[in-house]
Amino acid sequence: MNQSVLTDLQALICPLVVIVLGMIVLLLDLGTGDGPARRRLIYFVSLGGLVAAALLAVANTTIPNAGVGVTPLTHFGGGMVADRFGGLFCIVLCIIAGLAITMSDRYLEEKSLNSGEYYALILFSTSGAMLMALAYDLVNIFVGLEILSVALYILSGFARRERRSEESAVKYFLLGSFASGFLLYGMALIYGAVGIALKNTGLLQPTGTSFTNLGVIARTIQESAETGGAPITASPLFIAGVALLIVGLAFKAAIVPFHSYAPDVYEGAPTPVTAFMSAAAKVGAFAALIRVFGILLPADNASIAQAAVPFHAVLWGLAAATIVVGNVLAIRQTNIKRMLAYSSIAHAGYILVGVLASSVPGASQNAKDAVIYYLFTYTFMNLGAFAMVIWLGRDGGEYTSIADYAGLAKQQPLAAAAMAVFMLSLAGIPPAAGFLAKLYVFTSAVQAGLTGLAVLALVVSVIGVYYYLNIIVAMYFRDPVNDFSSVRAGGARAAALLSAAATLLFGFIPAGVFSPTIQRDQPTAQPILGAAEKSPLPPAVAVVSPQP
Amino acid sequence: MQNLPLLSLLIALPFITAVLIGLAPAKSARTIALLGSLATFLVSLPLLGVASIAPTRGGFAFEQNVPWLPNVHVSYHVGVDGAAALLVVLSTFLQVFAAAYSQETIKERVKEFYLFLMVLEGALIGAFSSLDLILFYVFFELSLVPVYFLIGIWGGKHRVAAGNKFFVYTVVGSLLMLVSIIALYLRAGTFDLLAIKQTLVSLPPTPTAMLMLFTGFALAFAVKTPLFPFHTWLPDAYAESPIACTVLLSGAMAKLGTYGFYRFCLFLFPEASQQAAPVMVTLAVVGIIYGALVAAVQRDVKRVLAYSSVSHLGFVVLGLFSFAANGQVVPQALTGALLQNINHGISTGALFLIVGIIETRRGTRRINELGGLWEQMPVFGRLFLLVTLSSIALPLTNGFVGEFLILLGAFQAYPLAAALATTGVIWSAVYMLWMFQRVMYGPVTNPATRRLRDLNGGEVALLVPFVVLIFVFGLFPTLFTRGLNLSPTEIASPASMTAAREAAPAPALAQGQP
């Protein structure tokens with residue numbers, strides 16, 4: 001018994017360390033005297049703790065992923081799961097929190113914001129996202145999401161003396177609460193559908209688990225299909241539940257049409273918070289999306305797959321819309337934070353392409369790895385770009401207009417070069433890491449039969465090239481309008497340069513555990529770009545029609 | 001000799017030079033760049049042997065194959081055949097003159113200028129010698145970045161618009177190529193060019209799929225070359241970029257497009273290339289005539305040359321696809337096309353340097369503000385005339401050999417297209433000589449011309465090597481054609497790659513074959 005508790009705890013070591021770290025930071029904030037020494041202590045304790053948490057999570061990355069054919073290694077009565085997938089997400093989240101904290105030091109000082117609460121909230125929020133990645137029960141996913149979100153609501157209003165920050169917090173809170181409601185309602189409907197199915201088929205509920213447990217749901221789906229009756233995936237309750245679940249998670253990941261809050265919230269929130277939430281909320285939401293869809297819409301069984309067809313179509317449409325809307329609306333932005341907000345929407349679309357591919361057998365493992373790699377590199381390039389905005393600000397203010405950065409290359413060549421690296425990487429130009437991320441995701445998409453979507457995404461991503469270049473045009477091709485001789489620097493510079501180095505480096509060398517191993521197709525004589533591509537629903541078609 | 005990592009050294013040298021420029025004080029940037037370019041050029045000279053003695057017909061020399069991203073079977077696989085070797089040497093040659101020319105003309109942000117110039121050279125050499133699709137794609141795209149900055153920072157009045165157009169346009173093309181590359185990877189399990197070729201031979205996809213894969217590659221190269229109607233970025237980019245960049249852009253980088261057709265389209269998809277040949281040949285001929293006619297009415301010397309490039313590169317594409325259509329009968333079309341690739345680089349590189357000299361002295365490139373330059377600059381006039389004659393393919397110059405071989409081949413495959421293309425030769429005489437006449441002859445209309453001085457020793461040294469090469473290639477073309485004189489089986493059959501395969505067996509291939 002003790003042994004099992006220990007393994008349970010070890011599986012969840014990463015979020016546990018981060019939560020405890022958050023509490024320690026709060027205590028330090030209360031217990032020690034005021035002043036710069038305390039700020040520095042809290043700063044370094046937080047960073048050190050995150051490094052430790054990330055290192056502890058590495059152990060979990062050797063456990064095979066839960067999925068088809070692999071019984072997941074669950075903990076806490078089946079409510080949590082420890083696998084490679086969750087472990088990698090935890091590490092990415094540690095990096096996000098670490099960079100966000102690193103870039104906050106001078107910013108908080110200049111705005112005279114309380115650093116203890118701030119760091120603790122970032123840590124709590126991070127642990128929430130980690131729980132989402134490790135959860136194996138719908139209820140746990142919801143709890144993780146709320147921990148993530150509530151802390152983010154507070155953080156976005158953290159500069160409470162600024163109107164825009166207040167507005168941002170209120171908008172985020174109101175819309176976020178609605179989204180949580182949708183999510184919870186969806187979970188309740190799925191709970192009901194599973195319960196009915198278990199009762200009808202006379203299957204006994206395994207003791208100690210609930211109808212919201214993903215393992216139970218997976219088994220119920222499987223057995224309801226095998227008993228010959230209508231599979232649970234075809235029941236209206238279940239379909240409505242999944243639909244609402246999509247809405248809730250899509251909101252957190254800022255997927256069109258649930259994205260409209262993002263630009264306002266990103267613009268109004270304190271910049272380090274924007275940086276943090278642009279990555280952390282997405283990572284949490286995508287982890288949950290992949291985990292949940294792998295279970296709820298398994299594509300490896302013909303009769304179940306049929307029921308999944310409409311959802312694949314919906315996700316296809318959402319991904320296409322997100323990529324198009326995010327990229328198109330980003331063009332007209334003159335505010336760099338809003339531009340990055342729309343760009344992050346576009347990137348959510350690319351990631352969603354990978355998520356969609358992950359629900360297709362054969363491409364599933366590749367796609368999951370590709371999505372994780374994408375989020376890993378996205379973290380560096382996106383947080384790096386926000387860190388630049390903080391780095392170049394001063395006297396409690398920031399240059400938020402793109403035109404403000406004119407001539408930066410003449411005054412701060414290093415800063416301009418780092419920003420150019422982020423922009424080229426976000427645009428997917430090799431040899432920056434953003435290119436490999438796109439390559440991996442689109443490779444898995446083509447493999448999953450989503451060639452049409454991959455082509456669309458690639459073509460639309462050219463629009464991205466245009467607006468990212470706008471920033472380079474300003475920095476390098478225009479004459480200076482602002483004086484960048486005295487800038488904020490500090491942790492923001494460290495975070496930006498670190499991110500730039502990582503962005504460049506991971507374009508050249510494999511990124512260790514994060515590098516996906518993309519296997520090729522089975523060497524059959526299937527057409528590469530055959531009929532599957534013309535159909536609007538390639539994955540499902542490929543599944544339903546048995547291979548010759 | 002064959003086992004020297006010569007290509008890696010060649011790729012690395014420009015990047016090392018770029019790093020040195022970055023670290024050194026701004027004052028020494030010029031010197032370091034010139035020395036680095038010279039060193040790269042000297043190191044590249046052994047590659048000429050690949051073209052002239054053809055030690056590996058249809059295979060690759062100086063091959064090196066090291067895993068790079070083993071997780072997705074991307075390898076650092078480089079090697080050159082005759083065509084690629086000549087293009088690498090052409091790039092390093094032009095780079096020396098681009099760097100030398102810029103010594104006096106680039107005054108501001110000197111350090112960054114040479115840094116970008118060196119990165120561009122490195123990317124070009126890398127792209128010409130890549131035998132891995134991802135490696136090629138990375139260099140292909142990387143080459144855009146320095147050009148973008150070169151145009152955007154040191155370019156003319158409309159530099160920002162020209163740079164953006166250039167960048168976005170070429171990226172669109174190459175993204176479609178990326179889709180084709182991904183599809184090939186999923187079939188072959190590797191990005192290695194030779195292993196992919198083997199898979200395509202042993203497990204051929206449907207003809208439709210082949211054609212789609214071909215189209216992805218062809219669009220990228222059509223934009224890069226550029227082939228009509230994908231040429232609209234070119235006049236602005238050429239006209240707005242600084243001379244050194246235009247020289248590399250037109251002389252070497254545009255060859256990425258024509259070389260890409262040869263290396264990837266003709267090699268991987270010979271059947272699809274054959275199917276697509278009528279379309280490609282039509283576009284090439286339209287480009288030849290259209291480019292020539294538009295060049296004739298330009299008012300800016302640089303734009304005349306820009307449109308002339310559209311016309312001349314149309315000949316190269318005509319040759320390549322005449323060969324693809326009927327290669328057994330007309331192997332000379334390929335030889336001509338590959339040779340013309342180099343010839344165009346030499347002539348156009350020299351012509352753009354000449355425009356640069358005119359512009360620095362007179363402060364304008366507008367034809368109607370020039371005139372009567374010969375009186376003041378007779379030495380310059382003679383050199384300019386020789387290069388002009390080479391550009392219009394006068395016999396004894398390099399241009400003649402290439403265009404003659406191309407037309408000879410094209411006549412047997414597409415008589416009508418060849419006949420129409422031949423008028424392009426006449427048109428090029430029209431626009432080039434007319435431009436030359438208005439710039440160099442006639443009365444001096446502008447008093448500023450009176451103050452011009454003739455070329456100094458350095459400038460003569462800048463142009464004379466080009467003139468020498470024009471005659472070397474014109475009189476002794478066979479010196480370099482042995483490596484280019486390939487039959488269709490040699491460029492498109494895996495049997496010819498035996499040498500290369502034995503040198504470096506593709507790892508993913510072995511496990512893929514049941």
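This is a predicted model: local features need pLDDT of at least 70, side-chain atom pairs count only at pLDDT 80 or more; totals for chains, interfaces and linings use all residues.
## Chat on the A–B interface and salt bridges

Q: Which elements of chain B supply at least two residues each to the side that touches chain A?
A: Strand S1 (61–69) does, and so do helices H6 (133–142), H7, H8 (159–188), H10 (207–224) and H25 (507–512) of chain B.

Q: Which one gives the most?
A: H8(B), with 17 residues.

Q: And by class, what is on that side of chain B?
A: The side of chain B that touches chain A has 32 nonpolar residues, six polar and five charged.

Q: How much area do chain B and chain A bury between them?
A: About 4000 Å², with 76% of it on carbon and sulfur atoms.

Q: Which three residues of chain B supply more of that than any other three?
A: Asn71(B), Leu186(B) and Arg187(B). They supply 16% of the area that chain B buries against chain A.

Q: How many residues does each chain put into the contact?
A: Chain B gives 43 residues and chain A gives 48.

Q: Switching to confidence. What is the mean pLDDT of chain B?
A: The mean is 85, and 92% of the residues of chain B reach 70 or more.

Q: Where is it lowest and where is it highest?
A: In chain B, confidence is lowest in H25(B), at a mean of 36. The highest is H6(B), at 92.

Q: Which stretch of chain B falls below 50?
A: Residues 494–514. Beyond near neighbours in sequence, that stretch has 32 contacts in the model.

Q: Salt bridges again. How many over all chains?
A: The count comes to 17.

Q: What does Asp264(A) pair with?
A: Arg338(A). Their side chains meet in a salt bridge at 3.0 Å, N to O.

Q: Why does that pair tie together separate parts of the chain?
A: Asp264(A) lies in helix H11 (residues 261–268) of chain A and Arg338(A) in helix H14 (residues 336–358) of chain A, so the pair joins parts that are 74 residues apart in sequence.

Q: Is Asp264(A) buried, exposed or partly exposed?
A: Partly exposed, with a relative accessible area of 25%. Arg338(A) counts as buried, at 18% relative accessibility.

Q: Which residues are in the network of salt bridges?
A: Glu167(A), Lys171(A), Asp264(A), Glu267(A) and Arg338(A).

Q: And in chain B, what does Arg263(B) meet?
A: Asp81(B), in a salt bridge of 2.7 Å, N to O. Arg263(B) sits in helix H12 (residues 243–268) of chain B. Asp81(B) is in the loop between strand S2 (74–80) and helix H4 (82–105) of chain B. The two are 182 residues apart.

Q: Are those two buried or exposed?
A: Both Arg263(B) and Asp81(B) are buried.

Q: Last one. What about Asp29(A) and Arg38(A)?
A: Their side chains meet in a salt bridge at 3.4 Å, N to O. Asp29(A) counts as buried at 10% relative accessibility. Arg38(A) is buried as well, with a relative accessible area of 13%.

Methods:
Residues are numbered from 1 along each chain as its sequence is written. Chains are lettered from A and ligands numbered from 1 in the order in which they are written. Side-chain values use heavy atoms; hydrogens and water are left out. Contact means heavy atoms within 4.5 Å. Buried area is the accessible area (1.4 Å probe) that two parts lose on being put together, summed over both. Helices (H or I, at least four residues) and strands (E, at least two) are DSSP runs, numbered from the N terminus. Ala, Val, Leu, Ile, Met, Phe, Trp, Tyr, Cys and Pro count as nonpolar, Asp, Glu, Lys and Arg as charged, and the others, Gly among them, as polar. pLDDT is the predictor's confidence in each residue, from 0 to 100. A salt bridge is a side-chain nitrogen of Lys or Arg within 4 Å of a carboxyl oxygen of Asp or Glu. Buried means under 20% relative accessible area, exposed over 50%, partly exposed in between (1.4 Å probe, protein chains only).
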